[in-house]
Amino acid sequence: MILPDYWLTRPSVNFDESTQIAFDGLLNTTLSIGGCPTIQFTLPWPKWQFLCYIADHHDIALHGSGDPDIVRFEPRQSSDLNEFGNRKAVYAASDGLWAIFFAIVDRERVMSITNACVRLADETGTLHGPYYVFSVSQAALPNQPWRTGTVYLLPRNPFTLQPPITFGPNEVHIAQLASLVPVQPLAKLTVTPADFPFLTQIRGHDDQRLQEYATALQTGAPWPSDP
């Protein structure tokens, strides 16, 4: 399956043994504190690499927010264009970059967002990706509607993963998680727009034509052109 050019690929990264030991050590040290401590991140690697690593290798779900003081996540009715994401639930991501996007976009200055994080399974079952799309209201984009945010680390156990979607000979695996019960965060990490490697590649869309963009993401069609 060849994706349109508006899809982004995670920057190449090689987690060597020393990186893995450092990331595992920081995670374990933080979780041993108890409560919901703020991670004291002083490692020489980007924060997005740490978040992607722990999401890929530990039973951790991630939730990006502009609120740094959440002590308990309660299920809320979402407004989404797909059935899995349109329920009363706590939503989280199984991908670090996707979580940072939600943390750094100032939703008070953006009417709508459209975004995705997927992996593609070919005929042999081999997973490729992850691939991303990030877009905010076109009218807000020139004003750089970004903020300092927080990525919360949540226990993975209460969450279910969105079922894959069949697309021709491929399966599309979406990194969205949902919990129908309240969730207590394990830790949190402060992130800034500078921590998001795709900041200059966030697209803009026409809020009145949001369904067209959602359809493009779901069908692999070209990004809708300006009217």
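**Figure 1. Buried residues in the protein chain.** Of the 227 residues in the protein chain, 49% are buried. Please keep in mind that this is a predicted model. The accessible surface of the chain comes to about 11,300 Å², and carbon and sulfur atoms account for 51% of that surface.

**Figure 2. The overall fold and its dimensions.** Here you can find 4 helices and 13 strands in the protein chain. With a radius of gyration of 17 Å, close to the 17 Å that the globule rule gives for 227 residues, the chain is as compact as a globular protein of that length. Along the principal axes, the C-alpha atoms fill a box of roughly 50 × 45 × 35 Å.

**Figure 3. Contacts along the sequence.** Take the contacts in the protein chain with a separation of 6 or more: 76% of them join residues 24 or more positions apart.

**Figure 4. Helix α1 packs with helix α2.** To find your way around this view, look for α1 at residues 17-31 and α2 at residues 47-57. The axes of these two helices lie 10 Å apart and meet at an angle of about 80°. Angles of 65 to 115 degrees count as roughly perpendicular, so α1 is roughly perpendicular to α2.

**Figure 5. Residues at the contact of α1 with α2.** Helix α1 brings Gln20, Phe23, Asp24, Leu26 and Leu27 to this contact, while helix α2 supplies Gln49, Phe50, Tyr53 and Ile54. Sorted by class, the contact has 6 nonpolar, 2 polar and 1 charged residues.

Terms used. Residues numbered from 1 in each chain as written. Predicted model: local features only at pLDDT ≥ 70, side-chain atom pairs only at ≥ 80, totals over all residues. Heavy atoms only, no water. Axes fitted to C-alpha atoms, helices over the stretch in contact; angles between N-to-C directions. Parallel < 35°, antiparallel > 145°, perpendicular 65-115°, else oblique. Contact = heavy atoms within 4.5 Å. Nonpolar A, V, L, I, M, F, W, Y, C, P; charged D, E, K, R; others polar. Rg over C-alpha atoms; globule rule 2.2 N^0.38 Å. Buried < 20%, exposed > 50% of the residue type's maximum accessible area, 1.4 Å probe, protein only. Areas by Shrake-Rupley, 256 points an atom, 1.4 Å probe, with all protein chains shown as cover.
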